[in-house]
Amino acid sequence: MQFGLASLTLTITLISVCLGVMSMAPGLGILFAILVTPAFVRTVMVAGRRKMKGQPMDVGEKLLDFAGSVAVETTI
């Protein structure tokens, strides 16, 4: 799988935020990582499928998909 620069930047940003939260409040950081990991994996899978179909997602669509996934997880 090949990542674009925007996707790589979003991935590094998410990892940095998780590590920052973990350094400030380890318990909250672990909870945050558990919450965002499935949403991130789902977003990567959806973006990959759409790219294979010839309909790549832009950064805004990826962020909205990720936020929607986190919202669904939080609701559940």
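I take axes as lines fitted to C-alpha atoms, for helices over the stretch in contact, with angles running from 0 to 180 degrees between N-to-C directions. Helices (H or I, at least four residues) and strands (E, at least two) are DSSP runs, numbered from the N terminus.

**Ground rules**

I am working on a predicted model, where local features need pLDDT of at least 70, side-chain atom pairs count only at pLDDT 80 or more, and totals for chains, interfaces and linings use all residues. I number residues from 1 along each chain as its sequence is written, and side-chain values use heavy atoms, with hydrogens and water left out.

**Entry 1: the chain overall**

I looked up the secondary structure. The chain has three helices and zero strands. In sequence order the pattern is α-α-α. I then checked the extent along the principal axes: the C-alpha atoms fill a box of roughly 40 × 30 × 20 Å.

Next I looked at burial (buried means under 20% relative accessible area, exposed over 50%, partly exposed in between, with a 1.4 Å probe and protein chains only). Of the 76 residues in the chain, 22% are buried.

I also looked at contacts (heavy atoms within 4.5 Å). Among those with a separation of 6 or more, 51% join residues 24 or more positions apart.

**Entry 2: H1 against H3**

I describe two packed helices by the angle between their axes and the distance between the axes. For H1 and H3 I find an angle of about 35 degrees, with the axes 10 Å apart. The crossing of H1 past H3 is right-handed. As for the term, a crossing is left-handed if the near helix is turned anticlockwise from the far one by less than a right angle, and right-handed if clockwise.

Which residues of H1 meet H3? I list Ala6, Ser7, Leu10 and Leu14 on the H1 side. Val59, Lys62, Leu63 and Phe66 face them from H3.

I sorted this contact by class (Ala, Val, Leu, Ile, Met, Phe, Trp, Tyr, Cys and Pro count as nonpolar, Asp, Glu, Lys and Arg as charged, and the others, Gly among them, as polar). The contact of H1 with H3 has six nonpolar residues, one polar and one charged.

**Entry 3: H1 against H2**

H1 covers residues 5-24 and H2 covers residues 26-52. Their axes come within 6 Å and cross at roughly 160 degrees. The two helices are therefore roughly antiparallel to each other. The cut-offs I use: under 35 degrees is roughly parallel, over 145 roughly antiparallel, 65 to 115 roughly perpendicular and the rest oblique.

H1 passes H2 in a left-handed crossing. From H1 the contact uses Thr11, Leu14, Val17, Cys18, Val21, Met22 and Met24. From H2 it uses Pro26, Leu28, Gly29, Ile30, Phe32, Ala33, Val36 and Phe40.

**Entry 4: salt bridges**

How many salt bridges are there? The rule is a side-chain nitrogen of Lys or Arg within 4 Å of a carboxyl oxygen of Asp or Glu. By this rule I count two salt bridges.

One of them joins the side chains of Asp65 and Arg42, at 2.8 Å from N to O. Asp65 is in helix H3 (residues 59-75) and Arg42 in helix H2, 23 residues apart. Asp65 is buried, at a relative accessible area of 17%. Arg42 is partly exposed, at 40%.

Arg50 and Glu61 also meet in a salt bridge, at 3.9 Å from N to O. Arg50 is in helix H2 and Glu61 in helix H3, eleven residues apart. Arg50 counts as partly exposed, with 28% relative accessibility. Glu61 is partly exposed, with a relative accessible area of 33%.

**Entry 5: single residues**

Is Thr43 buried or exposed? I find Thr43 in helix H2, and Thr43 is buried, with a relative accessible area of 8%. I left aside its neighbours within four places in sequence. Thr43 is then in contact with Lys62, Asp65, Phe66 and Ser69.

Ile30 is also placed in helix H2. Ile30 counts as partly exposed, at 47% relative accessibility. I took the C-alpha to C-alpha distance from Ile30 to Thr11: 17 Å in space, for 19 residues in sequence.

Ile15 lies in helix H1. Ile15 is partly exposed, with a relative accessible area of 46%. Ile15 and Thr37 are 22 residues apart in sequence and 9.9 Å apart in space, C-alpha to C-alpha.
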